[in-house]
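Take a moment with the sequence and the 3D view below. Then read on and find each part as it comes up.

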Amino acid sequence: MTSLAQQRTNRTENISTGQSSPLDTRYSRQILFRGIGEAGQRKLAAARVALVGCGATGSALAGLLARAGVGKLRIIDRDYVEPSNLQRQALFDEADAAESLPKAIAAARKIATFNSQILAEPKVEDLIPSNVEGLLEGMDLILDGTDNFETRYLINDYAVEKSLPWIYSAAVGSYAVTLNVLPGQTACLACIFPDSPSGIVETCETSGILNSAVNLVASIAATEALKLLVAGATAPALRRTLLSFDVWTNEHAEISATQPRPACRACGVRDFIHLAGEGRPHITLCGRNSVQIHERQRPIDFAEMDRRLQPHGTVRHNDFVLKFWHEPYELTLFPDGRAIIKGTTDTAVARSLYARFVGS
Ligand SMILES: [Zn+2]
């Protein structure tokens, strides 16, 4: 992916040889906008943004920022594309779903088709305490495209500890909510939600989601990201509130986030329990009847695994995922040994299937 994107970049640069500016007309309308300008566009080109989760909100954020010319987008996602994603996950198409492509790979491929001048770096991984440093290090900004508070608290702990800005974004049903976390200036996620707000987390499976709520929250968060990358984390134009908007009822609210809570576990006491926490051995994914297992980190030989599983059900694989159907379960295996088992929310059942078919 990277090398292909790089080749395309080189080709584009060769074509534009002779121009004094490395910026072509691609960004002309954005440069005309007073808040960005030529200097702002150069800052965007030099910016490094990590996007954690590339589902609906993540797709919309990645699409907006890639088109806006953010120079490096690291796209971290643990999941693969399915037909039910296509209603709202704007970077994916039917071919991606048919191939069960990992979302990070599919997103980077799609981005390369509309902006080959930036680097979209796919990471097919679940962000956990043991890899958070490696995946988020060296970034200027972290964006939230996740679907769970466990990962958000991990991002929050990392960002607060490193004094790195991040933007919380969530959408469920017709409801969208977002917060800029500017360490040292504003409240952090743990100031506002010391514990997971169970209402938001639990309705995601039952309330469905409107694609317009997703696009609204992504538009607001992407614009805040542009302000931050162009004018810095102290820019007055940055919003310092928790903003919520229901696109169905039109109810909206803003809660001031200018005051960090002194007793906050993360930014007050600086007790980073999520950063120090142990990796999660298995997780029930949101919105699906499935369990993720990543207890065993080891490379899987897909060709060999395919042969081994043939007598037990239907198997197919590509370079990125192996899928195995053993009624009523569907097992999706990644090259690093991580698996998503669909058809159960019982971690014991999932673990036993994994041990039986993949190895313990
Ligand atoms: Zn805090």
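This report covers the overall fold, a metal site, a pair of helices and a few backbone details.

**The whole chain**

The model is predicted. The protein has 360 residues, and 51% of them are buried. Its secondary structure comes to 14 helices and 14 strands.

**The zinc site**

Which residues hold the zinc ion as its protein donors? They are Cys188, Cys191, Cys264 and Cys267, each through its SG atom. These donors lie 2.2 to 2.3 Å from the zinc ion. Along the chain, they follow the spacing C-x2-C-x72-C-x2-C.

The site is tetrahedral, with angles of 95 to 122 degrees among the four donor atoms. For comparison, the ideal angle for four tetrahedral donors is 109.5 degrees.

Is Cys191 buried or exposed? Cys191 has a relative accessible area of 8%. Buried means under 20%, so Cys191 is buried. Cys267 has 24% relative accessibility and counts as partly exposed.

**Two helices that cross**

Two packed helices are described by the angle between their axes and the distance between the axes. Here the pair is helix 3 (residues 37-46) and helix 11 (residues 211-231). Their axes come within 8 Å and cross at roughly 100 degrees. Helix 3 and helix 11 are therefore roughly perpendicular to each other.

Which residues make the contact? Helix 3 brings Gly40, Lys43 and Leu44. Helix 11 brings Leu226, Leu229 and Val230. By class, the contact has four nonpolar residues, one polar and one charged.

Val230 counts as buried, at 11% relative accessibility. Leaving aside residues up to four places away in sequence, Val230 touches Gly35, Ile36, Gly40, Lys43 and Leu44. Gly35 is 195 residues from Val230 along the chain, yet their C-alpha atoms are separated by 8.2 Å.

**Backbone details**

Most residues other than glycine have a negative phi, and most peptide bonds are trans. Against that background, look at Ser163 and Asn250. Each is a residue other than glycine with a positive phi. The table sets out their values.

| Residue | Phi | Relative accessibility |
|---|---|---|
| Ser163 | near 55 degrees | 53%, exposed |
| Asn250 | about 65 degrees | 49%, partly exposed |

Where do these residues sit? Ser163 is in the loop between helix 8 (149-162) and strand 5 (166-172). Asn250 is in the loop between strand 7 (241-246) and strand 8.

The bond from Glu327 to Pro328 is cis, with omega near 0 degrees. Pro328 lies in the loop between strand 12 (322-326) and strand 13 (329-333).

Methods:
Residues are numbered from 1 along each chain as its sequence is written. This is a predicted model: local features need pLDDT of at least 70, side-chain atom pairs count only at pLDDT 80 or more; totals for chains, interfaces and linings use all residues. Side-chain values use heavy atoms; hydrogens and water are left out. Axes are lines fitted to C-alpha atoms, for helices over the stretch in contact, and angles run from 0 to 180 degrees between N-to-C directions. Helices (H or I, at least four residues) and strands (E, at least two) are DSSP runs, numbered from the N terminus. Angles under 35 degrees count as roughly parallel, over 145 as roughly antiparallel, 65 to 115 as roughly perpendicular and the rest as oblique. Contact means heavy atoms within 4.5 Å. Ala, Val, Leu, Ile, Met, Phe, Trp, Tyr, Cys and Pro count as nonpolar, Asp, Glu, Lys and Arg as charged, and the others, Gly among them, as polar. Donors are N, O and S atoms within 2.8 Å of the metal (3.2 Å for Na, K and Ca); water is not among the atoms, so sites may look incomplete. Four donors count as tetrahedral if all angles lie between 85 and 135 degrees; four count as square planar and six as octahedral if opposite donors are over 155 degrees apart and all others between 65 and 115; anything else is irregular. Buried means under 20% relative accessible area, exposed over 50%, partly exposed in between (1.4 Å probe, protein chains only).
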